[in-house]
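Hi,

Here is the structure I promised to send over. Have a look at it first, and then read on for my notes.

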Amino acid sequence: MSDTTWADVDDYFGALLAGPEAELRSVVDVNAAAGLPPHDVTLLQGKFLHILARIRGAQRILEIGTLGGFSTIWLARALPPDGSLVTLEVNSDYASTAKANCERAGVISQVSIQVGDACESLSRLHADGVDPFDFVFIDADKRNNVRYFRWALRLASAGAVIVVDNVVRNGDVLDESSSDPSVRGVRAVIDEMSRESEVVATALQTVGLKGYDGFVLALVSHSREDAAQ
Ligand code: DHB
Ligand code: MG
């Protein structure tokens, strides 16, 4: 068994289970042609996020790290007609690509792409008294994972779902003395979650077209009233 098998299995499941959404594959091609790093989630992972958001009945979704909008589109398609998604992206070129992709996918009316440093955007959303989010996808620069997680918790509704991408990193997450800021950022957020009584969390290792990686899945158990006390 090898990465080739993982990719072939992804293709097999993708063709059968994500067939109707195959047009979304073109988003990944557009992103590659625009020179974006190949960090989009896979088709099946996008559908996984979409299904999680639907199970949660998410009306308001926050995404930290838009890239070219591939996961944005999957998540936006999980919203009811009056739902909305806020997505944060530091790179204005990536944000432009994402905007065009969201327009083509017909979801732009429900999506707000906010360009700038994500911590600043999160701070502003909080200061503006933004309505709480019921689903948060953290998929930006990994070194800031703890900050993003703290903000996610602060902006989340009771019962919200928080997903963090890329927490396995080909097994590098095991390296406690790693100098890689991404590995350190992942380990730091796992530590943080392990000590945080307001979430129940698990981690899921994945293989597939994007190699060996994984997600953290957390459920926010606090109520806002509890958090305020
Ligand atoms: C990286 C970031 C991602 O969001 C991803 O899905 C894969 C890799 C990275 O920074 O290496
Ligand atoms: Mg990612």
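Let me start with L67, which is buried, with a relative accessible area of 14%. L67 sits in the loop between β1 (60–64) and α4 (70–76). Its backbone is worth a glance: phi of L67 is near 50°, a positive value in a residue other than glycine. Please keep in mind that this is a predicted model.

N166 gives another such case, with a positive phi of about 65° although N166 is not a glycine. You will find N166 in the loop between β5 (156–165) and α8. At 15% relative accessibility, N166 counts as buried.

Back to helix α4, where T72 is found. Is T72 buried or exposed? The relative accessibility of T72 is 0%, so T72 counts as buried. Leaving aside residues up to four places away in sequence, T72 touches E63, T66, L85, T87, C102 and V111. One of these neighbours, C102, also has 0% relative accessibility and counts as buried. For a sense of distance, T72 and I55 are 17 residues apart along the chain, and their C-alpha atoms are separated by 17 Å.

On the cysteines, C119 is buried as well, with a relative accessible area of 17%. How many disulfides are there? The count comes to 0 disulfides. As a reminder, a disulfide is a covalent bond between the sulfur atoms of two cysteines.

Now to the aromatic rings. A pair of aromatic rings is described by the distance of the centres and the angle of the planes. The count here comes to 2 aromatic pairs. In one of them, the rings of Y12 and F13 have their centres 5.2 Å apart and their planes at 50°, so the pair is tilted. F13 is partly exposed, at a relative accessible area of 38%.

F48 and F215 also form an aromatic pair, and this one is stacked, with 5.8 Å centre to centre and 25° between the planes. F48 lies in helix α3 (residues 43–56) and F215 in strand β7 (residues 211–220), so the pair ties together parts that are 167 residues apart in sequence.

R60 lies over the face of F133, at 4.5 Å from the ring centre.

Last, the helix packing. Helix α7 (residues 145–155) and helix α8 (residues 181–195) pack at an angle of about 35°, and their axes are 8 Å apart. Which residues meet in this contact? From α7 come N145, V146, F149 and R150, and they meet G185, V186, A188, V189, E192 and M193 in α8. By type, the residues of the contact of α7 with α8 divide into 6 nonpolar, 2 polar and 2 charged.

If you open the model, you could begin with T72 in helix α4 and then turn to the stacked pair of F48 and F215.

Best wishes

Conventions. Residues are numbered from 1 along each chain as its sequence is written. Chains are lettered from A and ligands numbered from 1 in the order in which they are written. This is a predicted model: local features need pLDDT of at least 70, side-chain atom pairs count only at pLDDT 80 or more; totals for chains, interfaces and linings use all residues. Side-chain values use heavy atoms; hydrogens and water are left out. Rings of Phe, Tyr and Trp (its six-membered ring) pair if their centres lie within 6.5 Å; planes under 30 degrees apart count as stacked, over 60 as edge-to-face and the rest as tilted. Buried means under 20% relative accessible area, exposed over 50%, partly exposed in between (1.4 Å probe, protein chains only). Helices (H or I, at least four residues) and strands (E, at least two) are DSSP runs, numbered from the N terminus. A charge sits over a ring if NZ of Lys or CZ of Arg is within 6 Å of the ring centre and within 35 degrees of the ring normal. A disulfide is a pair of cysteine sulfur atoms within 2.5 Å. Axes are lines fitted to C-alpha atoms, for helices over the stretch in contact, and angles run from 0 to 180 degrees between N-to-C directions. Contact means heavy atoms within 4.5 Å. Ala, Val, Leu, Ile, Met, Phe, Trp, Tyr, Cys and Pro count as nonpolar, Asp, Glu, Lys and Arg as charged, and the others, Gly among them, as polar.
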